[in-house]
Each structure stands twice: as structure tokens, then as C-alpha cells.
Amino acid sequence: SANIGINYGQVANNLPSPQRVVQLIRSTTIRKVKLYDANPLVLSAFAGSSVEFIVTVKNEDITSLLDYQVALKWASENVALYMQSSPIKIISVGNQVLTEANVSSSVHTQLVTVMTNLHTALDDLKLSHRVFVSTSHSMAILGKSFPPSAGEFKDSITKPVMLPLLRFLNQTGAPFMVNIYPYFSYKAKPLDISLAYALFLTNNGVTDSKSKLHYDNLFDAQVDAVYSAMSKLGFTNIPVLVSETGWPSNGSPIELAASVSNAMTYNRNLVKHIQSGAGTPMRPKQELQVFIFALFNENQKPGPTSQRNFGLFRPGDLSTVYDIGILQGHSTSPS
């Protein structure tokens with residue numbers, strides 16, 4: 001499906017070569033890949049494969065791009081160089097910059113300046129009509145997310161960061177990128193959230209008491225909380241792009257819902273939901289782009305066991321951890 005992509009994370013020491021990954025991606029129906037850097041080995045390997053990319057400025061590199069010449073050099077070397085062979089659609093300036101503990105708050109206020117520098121650089125390289133500049137957020141940027149109509153950004157970032165950021169996205173036509181994980185919400189509140197609601201399975205759903213809209217899955221509710229937060233600041237036309245979502249296939253004994261069966265159910269149902277083009281209750285006609293996390297299980301990711309088990313494929317023999325209907329020739333629904 002045109003609206004389904006995948007995150008190619010590389011926090012592991014056992015990953016296949018980029019050349020093998022090209023073959024793997026080509027054996028699926030996926031033609032969009034998101035990187036957490038702008039790795040030249042990956043971008044060169046994918047040359048001519050008709051796969052589109054989101055590349056990322058690493059969090060630790062953001063400050064250096066306050067210098068326009070450095071931003072121009074970054075855009076030339078990491079984007080312009082590959083546009084003929086591996087089209088790059090979006091540059092994400094950092095990942096979860098506003099909520100990562102190890103990113104200093106001075107970087108928060110630099111974010112939009114750096115995004116503007118990169119956009120200007122793309123303009124100078126005659127690429128600003130083809131490449132958007134955005135940044136990926138975690139849901140922790142919201143102060144309130146339930147019910148969806150109550151969604152709003154945290155006070156501390158609203159005026160200094162979110163307003164200029166939304167103005168920038170609105171002016172340039174770029175999407176608002178957010179990482180949405182019903183798994184983590186369910187894990188945090190298993191008594192308040194039904195597993196069926198988190199997995200897109202049949203359930204009674206939840207009606208938003210204020211908007212009166214009915215939600216039959218948590219994913220839509222979280223996307224709409226983001227739309228609400230933007231609307232409250234006067235921005236109603238910026239599309240949401242879900243830069244990460246997924247479900248772990250394994251976890252420690254206390255990570256109850258982390259299983260192959262749940263991961264398969266979540267991702268399969270997500271793919272069907274996105275392919276149906278249904279949008280969300282608040283934006284029923286707005287198609288969503290979604291990037292599943294992740295291509296591989298990543299054995300060096302820190303944190304609980306689940307963190308190392310979000311992959312659709314095993315790095316060694318490239319076998320599927322489970323099938324979500326994205327392999328060529330045996331898709332579960334028309335792509």
C-alpha cells in the first residue's frame with residue numbers, strides 16, 4: 001500500500017548488509033523506508049529501487065545545523081546527492097527531541113531554526129518543492145490526550161516551540177510526524193484500556209463525551225488527540241504522518257501483552273485499517289501515512305526485553321517473525 005512504510009532501525013550488531021535489505025524490501029509491498037540517520041551505505045544500496053526515504057538529522061547533530069553553511073552542506077551531501085537514485089521525501093530534524101531525556105532544552109528552541117535552515121538549503125538546491133522538512137515527536141508532547149477532543153500540547157512547549165513549528169509546517173506543506181504506540185498505553189493502564197481496543201479487534205469502543213465521536217480503536221483516538229492539539233492552536237490543515245507504530249512480539253514476563261500473536265494482530269489490522277483509506281473519526285477523509293516499527297529486531301536497544309523485539313524480520317536469515325500480509329504475492333488484502 002502506498003501509505004505503509006517501515007522504520008529501518010540499526011541499533012544492532014547482527015544486521016544484514018544494506019544490499020540484502022534491498023532484496024528483502026523488494027520482496028514486500030512496502031516502498032517507503034524511514035532511517036534514523038542519512039546512512040550513505042543504505043541510500044547508495046537502494047539506488048534505483050524506487051523506494052522513497054525519510055532521512056533523519058541525528059539529535060546530537062541538530063545544534064551544528066544552526067550554521068546555515070553546515071545545513072546547506074548537510075542537505076547537499078545527504079539529500080541532493082541521492083535524489084536521482086533514491087528519492088528522499090522528508091528530512092526529520094531529530095527524533096523525539098522535545099521528550100528525550102538526553103536532549104538539552106536549549107535544543108528545543110533551536111529546532112525550528114534548524115528546520116528553517118534546511119528548508120532554505122533545499123530551496124537553494126532547487127529541491128524544496130520535492131522534499132519536506134519536519135520532526136518526529138512522541139505522544140509525550142501532549143499534556144492531555146483523552147478524550148481525543150481534549151488533546152492539547154504541554155504548556156511548557158506550546159508557545160516557545162509548537163506555535164513556530166506548526167507555522168513552519170503550515171507554510172511549507174510538511175506533515176506533523178508523531179510516534180503512536182497503543183502498546184505502551186495499554187501496558188501502562190491495562191485495567192482502563194481493553195486489549196481488543198488496542199489491537200483493532202471487535203470491542204464496544206469509546207465515545208468521546210464532548211465531540212460525541214465514537215472510537216473503536218485506540219490508534220485513531222491517539223491520532224485525533226494530535227489533530228485536536230493542533231486545532232486548539234488554530235491549525236486545521238496540517239496532515240498527521242505516523243512516523244512510528246508497532247507492537248512487540250516478545251517481552252519479559254511482566255510485559256503481558258508482548259507476544260507474536262498480539263504483534264501480528266496489531267500490525268495486520270493496522271495495515272488493513274490504513275489501506276481502507278478510512279481516516280479517523282475527526283478526519284474521515286484524510287488518508288494517513290504510517291511507518292511500522294520496525295524492519296528488524298534490534299539486539300542492542302536498551303530497556304526492557306520488548307524494545308529488542310519490535311521487528312517484522314529476523315536479522316540472521318531474514319525470516320519473518322510473523323506475517324502481516326506485506327509479502328509480494330500473498331497479501332492479506334489488495335495493496
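Ser-50 sits in the loop that joins helix H2 (40–45) to S3, where helices (H or I, at least four residues) and strands (E, at least two) are DSSP runs numbered from the N terminus. The phi of Ser-50 is near 60°, a positive value in a residue other than glycine. The model is predicted, so local features need pLDDT of at least 70 and side-chain atom pairs count only at pLDDT 80 or more, while totals for chains, interfaces and linings use all residues. Residues are numbered from 1 along each chain as its sequence is written, and side-chain values use heavy atoms, with hydrogens and water left out.

Phe-200, in the loop between helix H7 (195–198) and strand S9 (206–207), also is not a glycine and has a positive phi of about 65°. Two peptide bonds are cis: Phe-146 to Pro-147, with omega near -10°, and Phe-293 to Ala-294, with omega near 10°. Pro-147 belongs to the loop between S6 and strand S7 (152–153), and Ala-294 to the segment after S12. Most residues other than glycine have a negative phi, and most peptide bonds are trans.

Against helix H5 (residues 155–172), H4 (residues 105–124) packs at an angle of about 15°, with the axes 9 Å apart. H4 is therefore roughly parallel to H5; angles under 35 degrees count as roughly parallel, over 145 as roughly antiparallel, 65 to 115 as roughly perpendicular and the rest as oblique. Axes are lines fitted to C-alpha atoms, for helices over the stretch in contact, and angles run from 0 to 180 degrees between N-to-C directions. In this packing, residues of H4 including His-108, Leu-111 and Met-115 meet residues of H5 including Val-161, Leu-165 and Phe-168, contact meaning heavy atoms within 4.5 Å. By class, this contact of H4 with H5 has eight nonpolar, four polar and no charged residues. Here Ala, Val, Leu, Ile, Met, Phe, Trp, Tyr, Cys and Pro count as nonpolar, Asp, Glu, Lys and Arg as charged, and the others, Gly among them, as polar.

Against helix H3 (residues 68–78), the axis of H4 comes within 9 Å and the crossing is at roughly 60°, so H3 and H4 are oblique to each other. Tyr-68, Ala-71, Leu-72, Trp-74 and Ala-75 are the H3 residues in this contact, and those of H4 include Leu-118, Ala-121 and Asp-124. The contact of H3 with H4 has eight nonpolar, two polar and one charged residues.

The open spaces come next. A pocket is an open set of points on a 1 Å grid over the protein atoms alone, with protein on both sides within 12 Å along at least five of seven lines; a cavity is a set where a 1.4 Å probe fits but cannot get out, and lining residues have an atom within 4 Å of a point. Grid points are joined across faces, edges and corners, and a volume is the space filled by probe spheres set on the points.

The largest pocket has a volume of about 1500 Å³. Its lining has 47 residues, and Gln-96, Ser-138, Asn-179, Tyr-181 and Phe-184 are the closest to its centre. The second largest pocket has a volume of about 270 Å³, and S3 gives the most to its lining, with three residues. The largest cavity has a volume of about 40 Å³, and His-273, Ile-274 and Glu-287 are among its lining residues.
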